[in-house]
Amino acid sequence: MQVKLAVVGVGGRGRAYARWALEHPEIATVVAVAEPRRHVREAFADLHGIDPRHRYTDWRELLSGGRVADAVMICTQDRLHTEPAIAFADDGWHVLLEKPMAPTPEECERIVAAAHRGGGVFAVCHVLRYTPYTKALKQIVDSGDIGDVVSVQHLEPVGYWHFAHSYVRGPWRNEAESSPMLLAKSCHDLDWLRHIVGRPFQRVSSFGGRRHFRPESAPEGSGTRCITCTVEPTCPYSAKRLYSEALLNKTFSVHHVLDVLDDPHLEKALQDGPYGQCVYHADNDVVDHQVVNMEFAGGITGSFTVTGFTPFEDRKTRIFGSHGSIEGDGEQVRVYDFLTEKTTITKAKTTGVGAGAGHGGGDAGLVEAFVRAVAEEDQSLVLSGPDESLETHLAVFAAERARLDGTVETLTTKRST
C-alpha cells in the first residue's frame, strides 16, 4: 500500500518530513498541500507533483475537499496547531502533529481527546525517540547492564547562534506569539527522558530566566540593527556575519530568513526583517537558560539543563545505575561496568546535529514509523502515541509553573478521553 499524505504548513519541518516520501515513493507520496504563501506552496507542490486541484491556501479547504489523502502532517507554527489537529482527528484522519502539540495544557488535552474519538493513528513529532543513537541507548538501559537506573543528567546545548536565530530573533522569541522556550524547544527532551527512563514523571521543579539577551547587556554604542551597528564586527551574535556565512554554506538557518538565496535579498532582510535585529534590543522574552529537576516513579531522579550559551552540539547525557554508568553524546554510548571496571563503547549511525541534519536520523525514523503505522492501521508502531505525548507535555507545563511560582509540582498520569 502506498500511503497518501497531505501537508499543512510548508515551513522547515513540513518540507523535512515530506522529503521522506520523495526518497521512498514506493511507500508514500504527498498528494495535497495547504500553505497560505503562494510561492512557497507552488514550489513545494511542483517538487512533489501535486495536482493543481489539491493545492490549498488553507487547511479548511483541504478538509472540506473530502478524503484526498490517508494522513495529514500538521506542521504550522505552535499556536496554529490546535484547530486543524482537532478537526482532522475528529474526521478520522491519521494525524502527524509537529511538536509542541499546543501552547496550553487545555488545548493539548482537547487534541488528544479528538485523537481518541476519531480513532486514527496519532503521533507527535518527538523525533529524538527515533534516532539510531536513542535506540542503542535505550537497549542498553533496558538490558540491565548498568543495573537499576538511579539518576539521570541531561544537557541540551542549543548553541549560541542557533539560540539567537530561533529564540531571540526568530518565531519562538516571544511567548505571546509562540510558547515558553521549554515547551517550544525542550518538550523533546523531557519526552526523551521519559522514554529512556521508562517511568512517568512524579514531581518537577525548575529555575531559569532571560539573563543575557536584554538591553542591559548591550555593548556600549551598539545599535538596534547589526547592519548599521558600529560594534557589529566584535559581536559574536552579529546577524551580518552569521547569515552571510549561512548563505555561503546554504545552511538551514538561512532558509528561514530568505526565500531567494542571494546577497541583495539578504541585505534587505537584515535591514527590514526580524533576523537583522540586535539581540539585545529585540522583543524577545523567553528564557535563555533553564534547569528542570525531576523525580520519576520509583524514586529515580533527574536533572535537565537547556542553555543558549554553548557551541552548536548534540545533547549530552549521563545515566547512573546500581551496577554501572552510561555517558552518551548523540553519536556514541560509553558504558562503564563497576564489576569489571571496563568501558564499552557503542557507536550509532547519525546524520548529524539538529533539524538541518535530520535530527541524527530521527526525522526519517519518525516518518517511516508513522507511514507504516498508517499502512497497517497500528498505533503501536509509533513511539509517541497520544496519551504518553500528553503526559510529557503536561510535565513541561508543570515545570514552567514551578519556575514561575517557585513551587514543586506533583504530576498524575492523565488520559484525555
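This is a predicted model: local features need pLDDT of at least 70, side-chain atom pairs count only at pLDDT 80 or more; totals for chains, interfaces and linings use all residues.
Glu156 lies in strand β7, which spans residues 149–157. The residue is buried, with a relative accessible area of 2%. Its side chain makes a polar contact of 2.8 Å with the side chain of Ser186. Beyond its neighbours within four places in sequence, Glu156 is in contact with several residues, including Lys185, Asp189, Phe304 and Arg315.

Helix α11 covers residues 263–272, and within it Leu266, Ala269 and Leu270 are buried. These residues lie on the same side of α11, because they cover an arc of only 95 degrees around the axis. Pro264 and Lys268, on the other side of the helix, are exposed. The cover over the buried residues of α11 includes α9 (239–249) and α10 (252–257).

Side chains of opposite charge can pair when their charged atoms come close. The structure holds 28 salt bridges. One of them joins Asp283 to Arg173, with the closest N and O atoms 2.5 Å apart. This pair links distant parts of the chain, 110 residues apart: Asp283 is in the loop between α11 and β9, and Arg173 is in the loop between α7 and α8. Asp283 is partly exposed at 36% relative accessible area, whereas Arg173 is buried at 12%.

In another salt bridge, the closest N and O atoms of Asp46 and Arg55 are 2.9 Å apart. Asp46 is exposed, with a relative accessible area of 53%, while Arg55 is buried, with 18%. Asp58 and Arg60 also form a salt bridge, at 3.0 Å from N to O. A network of salt bridges links Arg129, Asp191, Arg194, Glu388 and Glu391.

Notes: Residues are numbered from 1 along each chain as its sequence is written. Side-chain values use heavy atoms; hydrogens and water are left out. Helices (H or I, at least four residues) and strands (E, at least two) are DSSP runs, numbered from the N terminus. Buried means under 20% relative accessible area, exposed over 50%, partly exposed in between (1.4 Å probe, protein chains only). A polar contact is a pair of N or O atoms within 3.5 Å; within protein, one must be able to donate a hydrogen and the other to accept it, and residues adjacent in sequence count only if both atoms are side-chain atoms. Contact means heavy atoms within 4.5 Å. The arc is that of the directions from the helix axis to the C-beta atoms. A salt bridge is a side-chain nitrogen of Lys or Arg within 4 Å of a carboxyl oxygen of Asp or Glu.
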